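I opened the model to look up a few local details. My notes follow.

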Amino acid sequence: LMGSMALSNHYRSEDLLDIDTAAGGFQQRLGLKQCLPLTFCIHTGLSQYMALESVEGRNKYEIFYQCPDQMARNPSAIDMFITGTSYLEWFTSYVNKVVTGGYPIIRDQIFRYVHDKECVATTGDITVSVSTSFLPELSSVHPPHYFFTYRIRIEMSKDALPEKACQLDSRYWRITNAKGDVEEVQGPGVVGEFPIISPGRVYEYTSCTTFSTTSGYMEGYYTFHCLYYKDKFFNVTIPRFHMVCPTFKVSTARMVSRDAVVLMLETNHNEYAVDEDEDSTDTDEYEDRRRVLDIPAPSGRCPRHT
């Protein structure tokens with residue numbers, strides 16, 4: 001098993017392929033020439049591939065998730081999220097994170113969440129920590145849409161007094177992308193729940209967000225009320241946590257298409273150039289041709305942030 005991921009409406013369970021199955025999936029088609037599948041998820045169809053030759057912009061033995069270019073109108077235009085530079089580096093890195101506890105094991109499944117040890121905040125008797133994960137199967141480079149999931153752990157110290165028991169009422173998020181654009185989100189509870197936290201108790205939940213930039217960060221706070229003193233409200237800090245998509249490579253097919261588009265635009269410009277003193281009757285036809293080359297707007301943000 002090479003890692004699982006579970007959200008409310010999405011599940012991934014990626015398995016390492018045996019050599020015979022991998023050989024049967026060896027690719028020669030455009031976009032994945034000389035590539036061997038290493039993993040496969042039966043739920044999503046997701047695979048990680050290893051390049052056996054330096055072709056189509058890949059380095060030999062490079063490992064990646066394929067990411068079809070949704071804007072190129074060319075099935076061979078496949079962008080790549082890089083996950084390793086060689087099989088040995090890729091596999092030993094994964095195993096090391098499993099055996100050292102870097103990846104949590106939840107219900108006997110390995111989840112590829114990454115936890116920054118500094119991403120912890122304590123307010124009074126309550127500690128909040130966050131781990132994150134990038135989901136390549138729900139992301140794309142073209143259009144820019146980078147999908148992340150985060151897992152939050154809320155814990156009250158076992159040494160806290162019984163009267164410190166409290167219930168979460170609401171959440172506040174401040175979300176910032178790599179361009180510095182800020183979005184604020186506020187709402188009741190978390191993932192539809194209003195958990196009660198008491199001494200020694202732990203509450204964990206998973207949610208998600210998307211960015212149109214390759215990185216971003218979130219921070220905020222939860223508002224609780226005391227169970228023993230119902231009129232007493234207080235905020236608990238959620239530490240800032242960063243999300244960064246892995247290195248990616250753009251399809252060589254897109255580069256070729258881009259050069260062709262530039263040439264077409266230059267040709268069109270010359271064909272439709274007119275004397276400034278003359279009226280042109282070709283404007284509408286030129287605009288129709290230009291619109292064919294227009295690029296759609298990137299996908300919006302995941303609305304959840306729960």
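I checked the contacts of Gly102 (contact means heavy atoms within 4.5 Å). Leaving aside neighbours within four places in sequence, Gly102 touches Lys97 and Tyr113. I placed Gly102 in the loop between α2 and β8 (105-106). Helices here are DSSP runs of H or I with at least four residues, strands are runs of E with at least two, and both are numbered from the N terminus. I also noted a C-alpha separation of 7.3 Å between Gly102 and His115, which are 13 residues apart along the chain. Gly102 is partly exposed, at 34% relative accessible area. I use buried for under 20%, exposed for over 50% and partly exposed for in between, with a 1.4 Å probe and protein chains only.

For the record, this is a predicted model, where local features need pLDDT of at least 70, side-chain atom pairs count only at pLDDT 80 or more, and totals for chains, interfaces and linings use all residues. Residues are numbered from 1 along each chain as its sequence is written, and side-chain values use heavy atoms, with hydrogens and water left out.

Next, the backbone. Which residues does a cis peptide bond join? I found His142 and Pro143, with omega about 0°. Pro143 sits in the loop between β11 and β12 (146-156). I then looked up positive phi in residues other than glycine. Tyr61 has phi near 75°. Tyr61 belongs to the loop between β5 (48-51) and β6 (63-68) and is partly exposed at 42%. Arg73 has phi near 55°. I found Arg73 in the loop between β6 and β7, exposed at 68%.

Then the largest pocket. A pocket is an open set of points on a 1 Å grid over the protein atoms alone, where a 1.4 Å probe fits, with protein on both sides within 12 Å along at least five of seven lines; lining residues have an atom within 4 Å of a point. The largest pocket holds about 780 Å³ of space. I counted 33 lining residues, with Lys97, Tyr103, Arg112, Val114 and Phe134 nearest the centre. Elements giving two or more residues to this lining include α2 (87-99) and β10 (114-123). Domain 1 (3-94) and domain 2 (113-244) each supply at least three lining residues; the bounds come from an automatic or database domain assignment.

Last, the whole protein. I noted 4 helices and 19 strands. Of the 306 residues, 43% are buried.

Note on methods:
Grid points are joined across faces, edges and corners, and a volume is the space filled by probe spheres set on the points.
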